[in-house]
Amino acid sequence: MTDSAVPFLGAAEIASKVRSRELSAREVTDAVLGRIERLNPVINAWAVIDAEGARAQAERIDAEIARGNDPGVLAGVPLGVKDLEDAAGFRTGYGSALHLNDAPASVDSVQVARLRAAGCVVLGKTTTSEFGYSGDTVTPGWGATLNPWNTKRSSGGSSGGSGAALAAGMTVLATGSDAGGSIRIPAALCGLTALKTTHGVVPLGQGLAPSGGTLTVRGPMGRRACDTAAALAVVAGPHPTDPFSLPPLGLDGIVRPTLPERIVWAPSPGFAVDSEVAAVCASLVARLAEAGTEVIEVDSIYDPEPIGDWFTLWAIYRERAHGHLRDTSSWELFDEGLRALMDHGAQNVSAKAAMAALDAIHVHAAKVAAVLDRAPFLVTPTVAGQTAVSGHHGTVNGEPTIFWAPFTQAANLTRHPAGSVCVGLTADGMPVGIQVTGAHAADAALLDVLACIEGLVGTPTWPVEA
């Protein structure tokens, strides 16, 4: 097997080959590090890499296997950690100039600790938009992260570094977080299958409230549903420091591709969708229908539209996190867009308005529940627009718009699991994602549907396989 092929194997397949000694963890690590050395200077998906430390981890895993010990179900699988999350020995930079000189973290996050204990090799930290505030990974701390499918285009955000690294074969697994689409948007733009879990499946914990408050989840990212499933089985489950954490919900690490009996299909719920994106998504829905899925098409889902309540909470959470630095020398270190978001929270979101937005979660959740009473899965485009040029908004029918990705935020309000799967390419070769939302705690069934859609679409050709 060539070094160029190894990074595109699935996580479970790599672990099986490493545990059987068909491949060594060191060989896998070297193959991925070689791609990072070659590709990352252009794509810029990594905030920091520790090649020496990664090789040392891999060699310890190989030594354990040689002694007859089992280093874990993800033995030797390379892992990138989003730079909003702690990994011991690495600075957590948050994509911000404020943290360029911070000391390294002394402990792993709960998610990283569980992945490391399962045998993952931590390579380094993947880039993120500053404090995860934006759907485009361009930061004062590390510059722009570009899309491997076209390096003039955005990788999405805020988990843009994880998404780009996966698509380019610069890692096999990565961590992400999602407060308004930050796992699903990069997945859609980079051609991945990814899942924002039911809130609480992956614990946050460690005595720190998430800066995105009630909106935030963490979770693993991979290229395909099987990768996410393998990692999610390791990281799911309660933790004593997270009072909102849930049981593992039957997540056993295996996907069983399942054609849904029925779906509700909302082609453009509340916002205009680019005609080419719409056509690619509609083609997939037609394939589901041909395969036997009953398709129930609707014009709208919500009344009122939830994005306003989401934005109210997002603005006040960001103001809460860093508004105290206004009028200090640190304020100018923030990205201009993040400063504007915090100013909006300070000037326009009263305590009463914030509580009203929290209360509205129940209204929006009831709307989703009513839709899911008609069919177990709700399908929409993941994003409405064509992939943006890096540093700009995406476009709908050629026009830039701030509403290029308006469909992901609702699931962060309502706490439903929602995944994105690549269903084709635009004429200029950029991936198009479709979003599938399921009932609370139906994460395993949702992964099975995402895997089924992968099968209908066919085996992907990655942008930089060679």
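This is a predicted model: local features need pLDDT of at least 70, side-chain atom pairs count only at pLDDT 80 or more; totals for chains, interfaces and linings use all residues.
Strand E2 (residues 78-82) and strand E8 (residues 173-178) run parallel and are joined by 2 bridges. Helices (H or I, at least four residues) and strands (E, at least two) are DSSP runs, numbered from the N terminus. Two strands count as paired if DSSP finds at least two bridges between them. Residues are numbered from 1 along each chain as its sequence is written, and side-chain values use heavy atoms, with hydrogens and water left out.

Now widen the view. E2 and E8 belong to an open sheet of 5 strands, in the order E1-E3-E2-E8-E10, with mixed pairing. Strand E1 (46-49) and strand E10 (217-221) are the edge strands, and each pairs on one side only. Neighbouring strands of this sheet are turned by 30° against each other on average, direction ignored. Axes here are lines fitted to C-alpha atoms, for helices over the stretch in contact, and angles run from 0 to 180 degrees between N-to-C directions.

Look next at E3. E2 and E3 pair in the parallel sense over 5 bridges. Lysine 82 has threonine 126 of E3 as its bridge partner. On the other pairing, E1 and E3 run antiparallel and share 3 bridges. There, isoleucine 49 is partnered by glycine 124 in E3. Because 6 of the 6 residues of E3 are buried, the strand is largely enclosed by the rest of the structure. Buried means under 20% relative accessible area, exposed over 50%, and partly exposed in between (1.4 Å probe, protein chains only). Helix H5 (residues 160-167) lies across E1, E2, E3 (121-126), E8 and E10, running at about 150° to E8.

Which way do the residues of strand E17 point? Pro431, Gly433, Gln435 and Thr437 point one way, Val432, Ile434, Val436 and Gly438 the other, and all are buried. In a regular strand, side chains alternate between the two faces of the sheet. E17 (residues 431-438) runs antiparallel to strand E13 (residues 377-381), with 5 bridges between them. Strand E16 (residues 418-425) also pairs with E17, in the antiparallel sense, over 7 bridges. Alanine 418 stands opposite threonine 437 in E17. The hairpin of E16 and E17 has 5 residues between the strands, and its glycine 429 takes a positive phi near 85°.

Arginine 184 sits in helix H6 (residues 184-190). Is it buried or exposed? Arginine 184 is buried, with a relative accessible area of 0%. Its contacts (heavy atoms within 4.5 Å) include Asp178, Ala418 and Gln435.

Finish at helix H10 (residues 336-348). The buried residues of H10 are Leu338, Arg339, Leu341, Met342 and Gly345. Seen down the helix axis, they fall within an arc of 160°, so they line one face of H10. That arc is taken from the directions from the helix axis to the C-beta atoms. The face turned away carries the exposed residues Glu336 and Gln347.

How values were computed. Lists of a residue's contacts leave out its neighbours within four places in sequence.
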